[in-house]
Amino acid sequence: MKIKVTYEETLAREVEIDVDPTQDIEQQAREYYKAERVALNHNDLQVALFLTERDDIINDWESI
């Protein structure tokens with residue numbers, strides 16, 4: 001029997017960046033991330049969950 005399994009991970013890291021206070025701070029933070037100046041990895045794992053499904057049952061999210 002095959003079932004569908006969905007895995008979801010939440011990664012988080014706090015960093016400090018230099019910003020121009022006269023410019024949009026949220027946009028600068030977004031661009032910092034998009035420029036791949038911070039790359040999250042397995043050390044930043046906060047939560048890992050999975051969800052199982054079959055034709056007749058969809059179970060609730062479970063922690064790993």
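## Burial and surface

Of the 64 residues of the protein chain, 9% count as buried, meaning under 20% relative accessible area, with exposed being over 50% and partly exposed in between (1.4 Å probe, protein chains only). The chain exposes about 6000 Å², and 46% of that is supplied by carbon and sulfur atoms; the areas come from the Shrake-Rupley method with a 1.4 Å probe.

This is a predicted model, in which local features need pLDDT of at least 70, side-chain atom pairs count only at pLDDT 80 or more, and totals for chains, interfaces and linings use all residues. Residues are numbered from 1 along each chain as its sequence is written, and side-chain values use heavy atoms, with hydrogens and water left out.

## Fold and dimensions

The protein chain has 1 helix and 3 strands, in the order β-α-β-β from the N terminus. Helices (H or I, at least four residues) and strands (E, at least two) are DSSP runs.

The radius of gyration, taken over C-alpha atoms, is 18 Å, whereas a compact globule of 64 residues would have one near 11 Å; the globule rule is 2.2 Å times the number of residues to the power 0.38. Along the principal axes, the C-alpha atoms fill a box of roughly 55 × 20 × 15 Å.

## Thr52

Thr52 lies in strand β2 (residues 45–53) and is buried, with a relative accessible area of 18%. Leaving aside residues up to four places away in sequence, Thr52 touches Ile3, Lys4, Val5, Ile57, Ile58 and Asn59, where contact means heavy atoms within 4.5 Å.
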